[in-house]
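Colleague: I am new to this structure and would like to go through it with you, one question at a time. Could you show it to me before we begin?

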Amino acid sequence: MDQTDELYDAILSGNASTAATLAQEAIDQGADAGEIVARRMIPAMDEVGRRFECGDCYVPELLLAGRAMKAALKVVRPLLASGAAEKAGSVIIGTVQGDLHDIGKNLVTAVLEGAGFQVHDLGVDVPASRFVEAVKEKAPDIVALSALLTVTLPAMKSTLEALERAQVRDRVKVMVGGAPVTRQYAEQIGADAYSDNAFGAVKLARTLMGNL
Amino acid sequence: MQYRALAIPDPRQLIYGRSPRPVRCGFDLEIGGGLVFPEVNFTLPAIEIRPDTWSEVIAQYHEMAGNILRRAVALQVPGIVLEFELLPPMTANPAWGADITRLLHQHLAEAHERHGLRSALRVTPTDIRDQVRPPVLREGAPWENLARSFELCIEAGADIVSIESVGGKELHDPGLMYADLRQIVFALGVLAPRDTAWLWDRISQMCAAEGRAIPGGDSACGFANTAMQLAHQKMLPEVLAAVVRAMSAVRSLVAFEHGAVGPSKDCAYEGPVIKAITGCPISMEGKSATCAHFSPIGNVAACVCDLWSNESVQNVRLLSGSAPEAYTELLAYDCRLMNTAASQGQAVLLRDWLSQSDEDLSPQAAVLSPAATYRIAEAIVNADTQYQRTIAAGKSAVCELRDRAGSGRLKLSAKEKQWLDRIEAELAALPGEDDLRVEMLDRCADLFAPGSYGWE
């Protein structure tokens, strides 16, 4: 087993420090950074995602693998050819105004980061105006809105309306999620995408990036 | 005051409807005195809460209270509790929460006057202190509005006040997501007890100053229910959620050490442990809370309740009538059965059926069985500090799960067994409280503000 195979295992088992060390050793021995990412690191994350989706592991294993991936990526990223180091995309995420729940949002954030997205987390109880400011300031590809309460669902609609009024709606794709959100509601308020789980959100984000 | 022994020393006396320390409140209602009463919690349909929608909000609560009480009278319930759980904007604008409290109090007063309906109003402001990261718990506008909300709601007619406090949650949430037991235990056993003590000293003082409302209790909803729901969705190990449940009882018990007298909050599934230790009445929710969430503890949750709740139901229309009205009926019949069994001396039998029908089907139900409740409660009172109590409760839950799995009664997957082994090993390896605090102040410095917990 060479370092890159061990790197695959280190990411799969969520061992961040080992993953970073092995990535450095592989680089020191002349391995190509792009090859390491493409042949070992991304497949490791794909495997942990597959295990999660078929019920063979839980969120902690998934997040620890994501953390190990980030640690290894930090080592190899400076050596990647221009373009290969591009992030998967950038996302602004937040729980809408009036809602203090953040577990679902945090989970989506972690999984998006593990998938290579740059995520700006605005936190909870985020007013529509704050989303507008962030879109202007950060120029993200995607805005992700979360809500857990039925009474805060209307704040999702208000946020989309605020993006329209500020004339920034066409600069971003908007995805929504949270326990009371339905596909029908997402369509009704004019969101671009809806997911009822964190992995679905990542797939959607990848799809939306492809469609940009 | 720290509880050093169980208030209910005989497991056969740990029973629904009866508590050694019943409370009397509201319109001539005694809770824990022999009967289980429905506690109906209701909320708005999808509607924005703004000054220009406020009259519609008020109209919704007026309609819900009227429908619920009409059904309660029709079903001849011996008593009822209404719970008004404030939404965040109603706590951030304390006068709004007080308006609705006043309205609901008037409804109960009229029902008492016209129909002799015994009742009480529980009011639960939202803990809005965690809006910023790290949360500022002891000062600033969120705390001031929360405190004012309690004061105004008490003045407006709240009979029981409660809260689902959030101190420590800022570490517990990420701890859960990474299954970081050191972080989880620090949140539950160190941070949360410090915040709960500080908060309940103030809530109790506000109740005492007004003289009529009683300080009900706290809930580990943001901790153990989060874990339970994530486990239910296959995101976390079920055994981890069950161990978190047991450990969370310690932080909720602190409310009672600082003035709470019950009934504890309905979503505090750790309530049975609290009841065994304090003898105070508790509220619980289970199979009749499907309007709000699913759970693996529908029957076992009822075993030792004094109030039986639906958690929360939206004011939407069903074939039968409004949803709050329908769930009032559901709860009324649940309570009627429990009270009838008790009146015929069969409460223990019904309690055991309720437990046995659930306890071997999920780790969460296993740790809520009366037998497990008892062992966890004993483990807690036999330990000294809140930190040691939290670890003791966790170890007791691990033993419970291991015994049941070992005997084949509780089926655990290989993956769940591996997690149980890991949790047991990590609980055994926890350092002393001071060492863990030093570690967390270093490792999680960006997640929590020491000043929120009384540290410089």
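Modeller: Before the domains come up, one term is needed: domain bounds here come from an automatic or database domain assignment. Please also keep in mind that this is a predicted model.

Colleague: Which domains does the domain assignment of chain A give?

Modeller: With bounds taken from such an assignment, chain A is described by two residue ranges, which are domain 1 (3–79) and domain 2 (89–211).

Colleague: How many helices and strands does chain A have, and in what order do the elements run?

Modeller: Chain A has nine helices and five strands. Read from the N terminus on, the elements of chain A run α-α-α-α-β-α-β-α-β-α-β-α-β-α.

Colleague: Why can chain A be called as compact as a globular protein of its length?

Modeller: Along its principal axes, the C-alpha trace of chain A spans about 55 × 35 × 25 Å, and buried residues make up 53% of its 212 residues. The globule rule gives 17 Å for 212 residues, and chain A is as compact as a globular protein of that length because its radius of gyration is close to this, at 18 Å.

Colleague: Is A:G114 buried or exposed?

Modeller: A:G114 lies in helix α5 (residues 103–114) of chain A, and it touches A:M45, A:G66 and A:M69, not counting residues up to four places away in sequence. A residue counts as buried if 20 or more other C-beta atoms lie within 10 Å of its own. A:G114 has 24 other C-beta atoms within 10 Å, so A:G114 is buried.

Colleague: How many residues of chain B are in contact with chain A?

Modeller: The elements that give two or more residues to the side of chain B that touches chain A are α2 (88–92) and α5 (169–177) of chain B. The residues of that side divide into 15 nonpolar, three polar and five charged. Across from them are 19 residues of chain A, and the number from chain B is 23.

Colleague: What covers the buried residues of α7(B)?

Modeller: Helix α7 (residues 221–232) of chain B is mostly covered, with ten of its twelve residues buried; among them are B:F223, B:A227 and B:L230. The cover includes elements from both chains, namely α5 of chain A together with α5, α6 (181–210), α8 and α12 of chain B.

Colleague: Against which helices do the buried residues of α13(B) pack?

Modeller: Helix α13 (residues 370–381) of chain B has twelve residues, of which nine are buried. One of the buried residues is B:I380, which touches residues including B:A249, B:V273 and B:A392. The buried residues of α13(B) pack against α8, α9 (271–278), α11 (347–356), α12 (363–368) and α14 (386–406) of chain B.

Colleague: What is the radius of gyration of chain B?

Modeller: Chain B has 16 helices and ten strands, and buried residues make up 59% of its 456 residues. The globule rule gives 23 Å for 456 residues, and chain B comes close to this, so chain B is as compact as a globular protein of that length, with a radius of gyration of 21 Å.

Technical notes. Residues are numbered from 1 along each chain as its sequence is written. Chains are lettered from A and ligands numbered from 1 in the order in which they are written. This is a predicted model: local features need pLDDT of at least 70, side-chain atom pairs count only at pLDDT 80 or more; totals for chains, interfaces and linings use all residues. Two residues are in contact if their C-beta atoms, placed from the backbone, lie within 7 Å. Helices (H or I, at least four residues) and strands (E, at least two) are DSSP runs, numbered from the N terminus. Ala, Val, Leu, Ile, Met, Phe, Trp, Tyr, Cys and Pro count as nonpolar, Asp, Glu, Lys and Arg as charged, and the others, Gly among them, as polar. The radius of gyration is taken over C-alpha atoms; the globule rule is 2.2 Å times the number of residues to the power 0.38. The expected span of a helix is 1.5 Å times one less than its number of residues.
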